[in-house]
Amino acid sequence: MKQKIIILLTIYLLFNSALSAQNIEKMNKSELREHIVNLTTKIDSLKNVNINLQESISNLSTNSSLLEQKNKTNEVEISRINELILKNENERKRIISENEITISKLNETILTLNDSISSVQSASNVVSTSSTFNSNDFLNKYYFDQIPLPNNSFSLVLSKLVYGDKRSNNNYSYNDDNYQGAVETLPEILEANAFTYWGVKPNVMITDGTNFNNYVISKNSDYFNSKLPKIEVLKNKLFTIKYNDGSEESFLFNVKQTKSEDSNNQRKILQIELANEEVKADGSNNTAKDIVWRFFAIENECYLALTLGQLNRLNLKLISVDKGLEAYSQNRQEIEFTNYFKSNYKNITTGEGIYLSRNKDLFMESSKYINPQEIIYLFKLK
């Protein structure tokens, strides 16, 4: 590179010298001096250019060496990474192979266990379980283990409703004299939100030209639950029912499970017997106010099952529409039930009472009010 630059400079100087030589003979001394000065300046300038070029050549050479060195380093790193990738790929294949072997063994174990389970379930004393069982629910645990209740408080929460009854007709006769009755009705177990719980508007004057729907407001099951009393158990002995109006009743309670001959669908029943502490005038116990509650296992849950009469015993005013509205008389001295929506009776609603209707679904033509006596109410204790 250096030699090429020198050759180019020489050619340049010779070319310029040849051009100048043609005119030198025509120059006088003053012009010759000026021409020499110009040549000297150009030579100095070319020397500076040459120096700069030499520095650039040196820098380029240094950079080239550095790049070559970095390239060698990168090649070493690439080689190391390729080896690592190959090693990881071999390890991945090894793990996959081991997992496939393990999965195969587990599948064999599962097949063996399934065969064992099938054998156990074929026995007469098989125990059926389900992953949906809620072991944290109080009643679900208490059904199996009646642990002492030192100081506990509970709220009754409506969970499900058993609507309807089981009825079949055994009067159908066929030519072969066999009596093959058809099923007429079947009960349903419905969620609490499958119903509407109607509350009564308070202090409304009953007027002409109105009907029952003008005096009620649709509510959900939370409203129903809010009307139920609270329960407290002290020292696993004293059972207290606290009503919304501030009154309360206390009982001595005993819990037991029914015997096999008194079972329900091959399942035992948990029973709580509440003995009222109130005594009669003659000093004897007032057993008429005793309460018996029964807890039933349905599918994988345990519930307290109560009838309309038992709910009325808890001061819950669950009323049939046929009975009418609870209302004050004109002077507010008496409370009566009325179905007559006439202004001349001058009745005013008390705001008390809950009425039920089933919410319309795809299989129903319309929603209607329900006689609450047709339902069994299933509760949880929360």
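1. In this predicted model, strand E16, which covers residues 354-358, pairs with strand E17 in the antiparallel sense, and the pairing runs over two bridges. Within this pairing, Leu356 stands opposite Ile370 of E17.

2. These two strands belong to an open sheet of four strands, arranged in the order E6-E5-E16-E17 with antiparallel pairing. Strand E6 (216-219) and strand E17 (369-370) stand at the edges and have a single partner strand each, so one side of each is left without a neighbour in the sheet.

3. The largest nonpolar core has 46 residues, and Phe224 and Phe379 are those with the most contacts inside it. Leaving aside neighbours within four places in sequence, Phe379 is in contact with a list of residues including Leu139, Leu156, Leu158, Phe224, Leu228, Tyr303 and Leu311. Apart from this core lies another one, of 12 residues, among them Val216, Val321, Phe341 and Tyr355. As background for a student, nonpolar side chains tend to be buried together in soluble globular proteins.

4. A search of the whole structure finds 13 aromatic pairs. One of them joins Phe138 and Phe154 in a tilted arrangement, with 4.6 Å from centre to centre and 40 degrees between the planes. Because Phe138 lies in helix H3 (residues 138-144) and Phe154 in strand E1, the pair ties together parts that are 16 residues apart in sequence. Phe138 counts as buried at 18% relative accessibility, and Phe154 is buried as well, with a relative accessible area of 9%.

5. Tyr163 and Phe195 form an edge-to-face pair, whose centres are 6.2 Å apart and whose planes are 80 degrees apart. This pair links distant parts of the chain, since Tyr163 is in strand E1 and Phe195 in strand E5 (residues 195-200), 32 residues apart. Phe195 is buried, with a relative accessible area of 3%. Elsewhere, ring pairs link Tyr197, Phe224, Tyr377 and Phe379 into a cluster.

6. Lysine side chains deserve a separate look. Lys160 lies in strand E1 (residues 151-163) and, at a relative accessible area of 16%, is buried, because the cut-off for that word is under 20%. The side chain of Lys160 makes a polar contact with the side chain of Glu191, at 2.3 Å. Not counting residues up to four places away in sequence, Lys160 also touches several others, including Ile189, Tyr303, Ile376 and Leu378.

7. Two further lysines are placed over aromatic rings: Lys323 lies over the face of Phe337, at 4.4 Å from the ring centre, while the charged end of Lys380 sits over the ring of Tyr303, 4.8 Å from its centre.

Terms used. Residues are numbered from 1 along each chain as its sequence is written. This is a predicted model: local features need pLDDT of at least 70, side-chain atom pairs count only at pLDDT 80 or more; totals for chains, interfaces and linings use all residues. Side-chain values use heavy atoms; hydrogens and water are left out. Buried means under 20% relative accessible area, exposed over 50%, partly exposed in between (1.4 Å probe, protein chains only). A polar contact is a pair of N or O atoms within 3.5 Å; within protein, one must be able to donate a hydrogen and the other to accept it, and residues adjacent in sequence count only if both atoms are side-chain atoms. Contact means heavy atoms within 4.5 Å. A nonpolar core is a set of buried Ala, Val, Leu, Ile, Met, Phe, Trp, Tyr and Cys residues joined through side-chain atoms within 4.5 Å. Two strands pair if DSSP finds at least two bridges between them. Rings of Phe, Tyr and Trp (its six-membered ring) pair if their centres lie within 6.5 Å; planes under 30 degrees apart count as stacked, over 60 as edge-to-face and the rest as tilted. A charge sits over a ring if NZ of Lys or CZ of Arg is within 6 Å of the ring centre and within 35 degrees of the ring normal.
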